[in-house]
Amino acid sequence: MSDLTISNARIREGVWQGVLVAGDDRAEPPEIQVLHQTVALDGVRLVPDSEMANLWTLNVPIPVELLCDGVQTFVVSSQPTGAVLARFSIVTGQPMEDDIRAEVDMLRAELDLLKKAFRRHCVETAPGA
């Protein structure tokens, strides 16, 4: 089990950023590796916090050559233990028929239609209508 956690993750200007917190005060930054399909990414940086010794900003530049149609998943792990600290995915291109997000969007649209039809039915069948 790792004493490292990542929070406040986001992607901005092609760089995935997360706040890395160690459970202890350490002088040296931890070794972090980010993998995409078992290949380690270059350019991963830890920027120490100016006030807290156990806090770093993790910057992971996302190589443009990895962005293609489909879902690209990246795994952030602690080295040498290999403990997974975070995962992030990027979805690009045309949505696939079986993509869960596309399914949820379609279900929401159908639910909106059903709600409208039900409300119209209630108004039409209400006493005194």
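Helices (H or I, at least four residues) and strands (E, at least two) are DSSP runs, numbered from the N terminus.

Figure 1. From the N terminus on, the order of elements is β-β-β-β-β-β-β-β-α, which comes to 1 helix and 8 strands. This is a predicted model, where local features need pLDDT of at least 70, side-chain atom pairs count only at pLDDT 80 or more, and totals for chains, interfaces and linings use all residues. Residues are numbered from 1 along each chain as its sequence is written, and side-chain values use heavy atoms, with hydrogens and water left out. The C-alpha trace spans about 75 × 35 × 30 Å along its principal axes. Its radius of gyration is 23 Å, whereas a compact globule of 129 residues would come out near 14 Å. That radius is taken over C-alpha atoms, and the globule rule is 2.2 Å times the number of residues to the power 0.38.

Figure 2. Of the 129 residues, 25% count as buried; buried means under 20% relative accessible area, exposed over 50%, and partly exposed in between (1.4 Å probe, protein chains only). As for charge, the chain has 11 positive and 19 negative ones, and their mean positions sit 10 Å apart. Lys and Arg count as positive and Asp and Glu as negative, while His and the chain ends are not counted. Each charge is placed at NZ of Lys, CZ of Arg, CG of Asp or CD of Glu.

**Figure 3. W16 on F88, a stacked pair.** The search of the whole structure turns up 2 aromatic pairs, and here is one of them: the ring centres of W16 and F88 are 4.7 Å apart and the planes are at 5 degrees, so the pair is stacked. For the cut-offs, rings of Phe, Tyr and Trp (its six-membered ring) pair if their centres lie within 6.5 Å; planes under 30 degrees apart count as stacked, over 60 as edge-to-face and the rest as tilted. W16 belongs to strand β2 (residues 15-22) and F88 to strand β8 (residues 84-92), so this pair ties together parts that are 72 residues apart in sequence. Both W16 and F88 are buried.

**Figure 4. F74 joins in through F88.** The rings of F74 and F88 have centres 4.8 Å apart and planes at 10 degrees, so this pair is stacked too. F74 comes from strand β7 (residues 70-79) and F88 from strand β8, so the pair ties together parts that are 14 residues apart in sequence. F74 is buried at 0% relative accessible area, and F88 counts as buried at 7%. Taken together, ring pairs link W16, F74 and F88 into a cluster.

**Figure 5. A cis peptide bond at P80.** The bond from Q79 to P80 is cis, with omega near 5 degrees. P80 itself sits in the loop between β7 and β8.

Figure 6. N8 isn't a glycine, yet its phi is positive at about 50 degrees. N8 is found in strand β1 (residues 4-12) and counts as exposed at 61% relative accessibility. Q37, also a residue other than glycine, has a positive phi near 50 degrees. Q37 is in the loop between β3 (31-36) and β4 (39-40), and at 60% relative accessibility it counts as exposed.

Figure 7. A40 lies in strand β4 and is partly exposed, with a relative accessible area of 37%. Leaving out residues up to four places away in sequence, A40 touches Q33, V34 and L35; contact means heavy atoms within 4.5 Å. From A40 to F74 it's 34 residues in sequence and 9.5 Å in space, C-alpha to C-alpha. For the chain as a whole, residues 24 or more positions apart make up 47% of the contacts with a separation of 6 or more.

**Figure 8. L85 in strand β8.** L85 lies in strand β8 and is buried, with a relative accessible area of 15%.
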